[in-house]
Amino acid sequence: MFKLIWQCLYSPRLYKIYGDGEKDAMYQPKRLEKYGDKIITVAQNIFTIVSYASPFVCTYIYRRGFFSWDETTFLTKLMCGVSCFIMFSFLVRAVGRALNPKYTEFLFVIQKPKANTKEFMNHIRKYDFEFTSWPVTFAMPATTRKSWFENNPFNKSSNEDLPIYQRIPLQILAFIAVHTFAMRIIYPGTLTLIQNLLWNPLMEGRTQLVETFHGKRAKLLTSDANSIDTIFVDNRAHSNGNVLVICCEGNSGFYEIGMVTTPIKAGFSALGWNHPGFAGSTGTPFPKQEQNSIIAVIQYAIEELNFPIENIVLYGWSIGGYTAAWAAANYPDISALILDATFDDLLPLAQNQMPRSWSLLVKEVIRTYVDLNVGKLLAQYKGPVQLIRRTEDEVICLRQGQLQTNCGNSLLLTLLKSRHPRFNESDELQEAILSYVGMSEMQRSNINKDTLTEVNRQALQLIIKYMRDFQSNHCAPLPENTFADIMKYFYLKN
């Protein structure tokens with residue numbers, strides 16, 4: 001019994017046993033485990049809030065004179081008392097787990113020798129538990145990390161024209177900003193508080209993917225040692241299922257509540273994954289970590305799931321368009337690329353959201369650390385592309401409600417420049433496309449084609465070929481029939 005309690009002390013938290021009761025039924029801990037869990041969870045949330053607010057907390061403590069000997073002694077005793085209470089809660093929780101036959105059965109399954117990997121994975125996929133304890137399903141070969149000196153961000157600057165006494169402080173501020181608040185602004189999904197608030201929807205979404213669509217969860221290990229949380233839904237029993245759609249979510253998107261259900265409902269196989277730092281995935285979504293993540297996802301699809309590269313479609317939504325476009329540029333044999341509500345370059349959007357006085361700092365942060373230039377990557381890919389523009393997009397429009405300021409327009413222009421030499425040579429064609437791209441699809445359809453010149457007809461045809469409108473805001477899921485129409489267009493054209 002003591003050995004079992006000791007094992008339960010370090011074992012993962014169990015959330016759900018699939019197939020055990022109703023679909024929305026969660027694992028029910030016994031009283032001791034339940035109370036221990038609550039205390040530990042509250043303590044973790046308080047610690048998270050305090051860590052985010054630590055500069056303000058330290059300032060308050062200093063001003064109240066808590067750094068005196070007496071007050072420091074009091075705070076030390078208080079922290080020791082709280083620590084002992086939390087440690088006791090861990091022990092209480094372990095005893096509660098050891099007395100629960102459902103938990104001990106789960107513990108036996110995850111500790112069972114892995115003689116048959118496939119059988120072992122089938123057994124543990126009956127449970128939903130802390131992803132840190134999930135076994136690695138697929139691992140990329142480790143790469144040697146560059147030292148800080150080899151990858152020194154201060155060796156480059158995005159504001160080279162500034163005098164050195166202005167440039168160096170700006171570089172220092174950019175380094176501090178990107179390692180404190182900037183990445184959390186760009187990728188809010190990395191915030192623990194947001195993930196805690198979304199815990200129930202994430203759990204419900206994952207349950208639907210597993211129980212309704214028979215999704216298989218897997219942990220991938222990237223070349224830089226990040227763990228990536230993925231879900232795979234196999235529809236190869238259906239006519240469209242031989243095509244795999246890899247979904248790249250937005251900056252607050254998770255596969256559990258994201259766009260992965262759209263291709264699934266349209267009958268395609270789908271592979272969803274969470275950015276580094278999102279939900280079960282570890283790391284921080286810097287561009288290099290994002291690149292290593294999508295490489296691991298694609299190689300997993302090819303080597304473990306047995307999908308040929310020419311049967312893979314990349315589907316990127318919002319900021320996920322960066323990883324999708326990067327993968328398309330580096331895997332040119334993929335079947336097609338779909339970019340939904342995606343921008344051409346992060347810098348204009350970031351500068352538009354921040355005070356003008358911060359423009360140099362924003363440029364330094366983006367160009368040095370988070371240079372998400374989707375347009376440049378899209379220009380390198382020569383395969384089938386479809387851009388989806390949201391007509392009521394409130395996120396990637398530089399001016400609220402003005403379709404002509406949608407950054408998807410610039411993405412289309414970049415694509416045309418890279419694929420159609422005549423676009424660069426003909427000023428008349430450029431002017432025609434610029435005049436039409438700011439219109440909605442409905443407005444363009446009402447134009448009397450009989451009165452148009454040949455150049456204007458060509459301009460409309462080029463826009464129609466690569467871009468379609470979807471009447472919605474930024475976050476509405478794409479209907480499966482719209483997605484199916486796009487896929488039909490790809491395969492009919494080819």
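I looked up Ala279 and found it partly exposed, at 29% relative accessibility. On this scale, buried means under 20% relative accessible area, exposed over 50%, and partly exposed in between, with a 1.4 Å probe and protein chains only. Ala279 is not a glycine, yet its phi is positive, about 50°. It sits in the loop between β7 (269-273) and α11 (287-303). Helices (H or I, at least four residues) and strands (E, at least two) are DSSP runs, numbered from the N terminus.

This is a predicted model, where local features need pLDDT of at least 70, side-chain atom pairs count only at pLDDT 80 or more, and totals for chains, interfaces and linings use all residues. Residues are numbered from 1 along each chain as its sequence is written, and side-chain values use heavy atoms, with hydrogens and water left out.

Next I checked His214, also a residue other than glycine with a positive phi, near 60°. I placed His214 in the loop between α9 and β4 (216-221). His214 is exposed, with a relative accessible area of 60%.

Last, I looked up the largest pocket, which holds about 1,500 Å³ of space. Its lining has 46 residues, and the closest to the centre are Arg13, Tyr15, Glu130, Asn196 and Trp199. A pocket is an open set of points on a 1 Å grid over the protein atoms alone, where a 1.4 Å probe fits, with protein on both sides within 12 Å along at least five of seven lines; lining residues have an atom within 4 Å of a point. The volume is the space filled by probe spheres set on the points, which are joined across faces, edges and corners. I noted that α2 gives the most to this lining, with nine residues.
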